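Please read them beside the coordinates.

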Amino acid sequence: MTRKNKSLLIVLLLLCVVLVAGPVFALRGAEFGGSDDAGSIKVAEITGEDYEPWFTPVFEQLLGGELPGELESLLFCVQTGIGVGVIAFFLGRFVERKKQETARGQEKEK
Amino acid sequence: MTGKQRKLVRITACAALLGCVLPTAGAMHIMEGFLPPAMCVLWGVAALPFLLAGYFSLQRAVVRDRRSVTLIAMAGAFIFVISSLKIPSVTGSCSHMTGTGLGAILFGPSAVSILGVIVLLFQAILLAHGGLTTLGANTFSMAVAGPFVSFGIYKLCQKLRVNKMVSVFLAAALGDLLTYCVTSLQLAVAYPSVVGGVSGSAVEFLGVFAPTQLPLAILEGVLTVAVMIMLESYARPELCAVGFEEG
């Protein structure tokens, strides 16, 4: 990776942290609920009555209730974990491959 | 695409067009049971031709060069990660990004629809996030409309000779934003407001989603650029294999 790209990458990652952390500090005490929920509240406002979903998630039917919050976060983590695992695995291979290629190239020059 | 495949895609596309005077609506993560059954079917049918085209396009990419598989897996994994992270936004509520821009830029929009639908299924079945009945609508907004916009913007930027990383940023960010606009429209069509009709309630829903999503769209753009820099530095052969780079 060129030096220019490296510094750009660092700047970008810092920017991400700022974007995420900014609202948390700027809006202390805000609830930070899901905007999907905000959507359903809006539905209730517009139709003037509480909307009764005509179908409940299959998983909740099996459980006979909502998935406990901790378990839901577990599943979200599983999702993240799968993704990160795949990306890190391939990226690691790519980086190592590049390293070996350059090493081989240098050897040939000698 | 072979002749047979093309025919299949066309037939489903015709069915989709027949099934509707297509109301311009679709929603990102509309919750389970929140759309009337007829609309669920409608959106499902509308998304179907794109999914089929996506399947064939992935197949073609893999046959052309097996090395594409790694990038396809990475783009899918990117969507997995990105759409599992709930990010706080300036409006005091949380939302999450879509992550479909990267794949759309790399393989074209229809291929991403398959990756997107996998994530939506995962979340609908296990997380009660989105839903099986609303899968069609959610697929249409997140896995069809968003990627197509991303792809279009990227191509347009290339035509205009915009800097590559800037184009990637714009494509990913605007695709993300549009996904939520489509969601708002989908909800608006299902729930026209008493006063303003469909457009009135579209404004209402956009008011909920758009300000929340704007910072996240920027974040998605930034992250996509970051991944793209990594890929350009280390995965040039794969980028050539999928035809993203001239090799």
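1. Rings of Phe, Tyr and Trp (its six-membered ring) pair if their centres lie within 6.5 Å; planes under 30 degrees apart count as stacked, over 60 as edge-to-face and the rest as tilted. Over all chains, the structure holds 8 aromatic pairs.

2. The model is predicted: local features need pLDDT of at least 70, side-chain atom pairs count only at pLDDT 80 or more, and totals for chains, interfaces and linings use all residues. Residues are numbered from 1 along each chain as its sequence is written, chains are lettered from A and ligands numbered from 1 in the order in which they are written, and side-chain values use heavy atoms, with hydrogens and water left out.

3. The ring centres of Phe50(B) and Phe140(B) are 6.3 Å apart and their planes stand at 75°, so this pair is edge-to-face. Phe50(B) belongs to helix α2 (residues 37–64) of chain B and Phe140(B) to helix α6 (residues 135–159) of chain B, so the pair ties together parts 90 residues apart in sequence. Helices here are DSSP runs (H or I, at least four residues), numbered from the N terminus.

4. Phe140(B) is buried, with a relative accessible area of 15%, whereas Phe50(B) is partly exposed at 27%. Buried means under 20% relative accessible area, exposed over 50%, and partly exposed in between (1.4 Å probe, protein chains only).

5. Leu8(B), in helix α1 (residues 3–18) of chain B, is partly exposed, with a relative accessible area of 40%. Leaving aside neighbours within four places in sequence, Leu8(B) is in contact (heavy atoms within 4.5 Å) with Leu52(B) and Phe56(B). The C-alpha atoms of Leu8(B) and Pro49(B), 41 residues apart along the chain, are separated by 8.3 Å.

6. Between chain B and chain A, 64 residues of chain B are in contact with 55 residues of chain A. The two chains bury about 5300 Å² between them, 76% of it on carbon and sulfur atoms. Buried area is the accessible area (1.4 Å probe) that two parts lose on being put together, summed over both. In chain B, the residues losing the most area to chain A are Met74(B), Leu127(B) and Tyr234(B), together 12% of what that side buries.

Notes:
Helix = DSSP H or I, 4+ residues; strand = E, 2+ residues; numbered from the N terminus.
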